Amino acid sequence: MLHLRSRLAVGAAALGLTAAGVTILMPVGAASAARVDATCANTLDDAKTLQAAIDSSKEGDEVVIKGQCLINATISLPGKRTYRGDAKAATVIKQADGANLPALLASEGWVKNFELSDETLRVEKLTIDGNRDTNTGTVGLMLRSWNARIIDIDVYGAPSDGIRISNPSKDGVMLRNTMVNSIISDVYIAGAAESGLRVVDPGNSVTDWTLTRSWIGFSGANAIQTDNAAGWTFSDLHLYATPKHAIDAHRCFGTSIHNNYIEDFGAEHKANETYYGIRCDLQGESNTTISSNRIHKFLPPPNGLASGLAELTKAWKQGMAPPERKRTVSGPLPPDVDFVYLALDGVNYGKGHAAVTGNTILGHGTRRETGMLFTKGEGGGESMSVASSGNLIDDIGIPRKVGPGARLTRGY
């Protein structure tokens with residue numbers, strides 16, 4: 001797939017198509033990179049200190065953040081820079097009590113309402129502490145940059161989403177181009193009040209990212225929730241203590257969901273709700289693969305998720321590993337709640353294509369549980385073609401359900 005891009009380009013096609021593949025860059029002159037140190041003092045002046053150091057940097061520079069930073073203003077991150085901590089334990093960016101910021105760290109284009117996505121940035125080796133106990137509505141890390149690299153960070157206690165990738169800017173300005181070719185890797189997102197990772201994309205700009213080798217636990221809503229999963233890869237993730245859906249991915253187009261360990265989902269158990277381990281609706285004319293995932297529905301521990309979050313918070317403040325989670329493998333499920341372990345439940349246009357292979361699903365033997373659901377749904381799509389093979393489904397009342405408009409193929 002060819003994707004032409006310039007700083008004046010629009011790149012994304014009409015809603016429902018993906019913008020993926022090769023990125024062609026205009027040549028730029030060589031830059032002389034420098035190191036810019038920003039040392040915090042754990043006072044309310046830290047935001048000014050940190051922003052001043054960032055504003056003094058130039059394209060290609062590495063901004064090294066040191067110490068415990070107490071932040072009472074959103075830190076704006078211009079592109080073409082690296083933002084690095086000394087180590088996750090040594091560099092902690094914590095929201096001040098009662099600051100109630102919209103975001104703690106954010107791409108400059110989101111803060112300043114640019115119409116084009118920011119250039120590449122890199123954030124690594126630091127901790128973001130949203131201080132959820134005394135704040136509301138704050139996203140830990142707000143991204144609006146293409147070709148980004150987010151590696152080896154912790155995001156704890158965000159009062160909203162842990163990490164959000166957003167097409168709309170702070171004041172709702174939509175992108176005129178794309179935000180592609182980015183990687184989030186080796187991150188730990190815990191205790192976000194809403195979703196661990198959230199993609200907000202009413203247009204068609206946030207495509208072709210990779211989220212890999214990461215842990216998301218004790219979110220207030222979903223572990224992963226994305227408006228646009230086109231071109232995305234979700235792999236090698238451990239998702240646990242999830243009240244709603246583990247992976248709720250919309251507009252799957254060339255999407256890969258592979259080798260993830262979903263420990264539980266739907267733990268809030270609200271009456272007359274349906275919860276999903278993995279959920280995708282398909283775009284037409286491209287393939288999606290869902291393979292080698294391990295999906296469970298462990299029951300909440302006897303003391304519940306709230307107590308588990310309190311124990312996690314206590315351990316976090318003491319600098320200790322989280323306490324052992326007491327998994328309950330067997331026991332009664334609530335009678336008025338439905339659980340679907342893996343679902344392809346819609347085609348938005350054209351013909352949807354997917355391969356679902358080598359997944360393992362273990363349930364509790366009730367008719368309120370569906371192992372796999374394949375149905376065209378009520379979208380504008382024509383049909384769904386699914387190769388479903390080599391999946392282990394045990395102790396599930398309805399192992400596999402095939403709805404209208406979906407056709408199973410044996411594959412080759």
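**Basis.** I worked from a predicted model, in which local features need pLDDT of at least 70, side-chain atom pairs count only at pLDDT 80 or more, and totals for chains, interfaces and linings use all residues. Residues are numbered from 1 along each chain as its sequence is written, and side-chain values use heavy atoms, with hydrogens and water left out.

**The sheet.** I looked up the strand order (strands are DSSP runs of E, at least two residues, numbered from the N terminus) and found eleven strands in an open sheet, S3-S6-S8-S10-S13-S15-S17-S20-S23-S26-S29, with parallel pairing. Two strands count as paired if DSSP finds at least two bridges between them. Strand S3 (75-77) and strand S29 (398-402) are the edges, each pairing on one side only. From one strand to the next the twist averages 15°, where axes are lines fitted to C-alpha atoms and angles run from 0 to 180 degrees between N-to-C directions.

**Around S13.** I then followed strand S13 (residues 197-200), where Leu197 and Val199 point one way and Arg198 and Val200 the other, all of them buried (under 20% relative accessible area, with a 1.4 Å probe and protein chains only). Strand S10 (residues 163-166) runs parallel to S13 and is joined to it by four bridges, with Arg164 having Arg198 as its bridge partner. Three bridges join S13 to strand S15 (residues 224-226), again parallel, and here Arg198 stands opposite Gln225.

Methods. Buried < 20%, exposed > 50% of the residue type's maximum accessible area, 1.4 Å probe, protein only.
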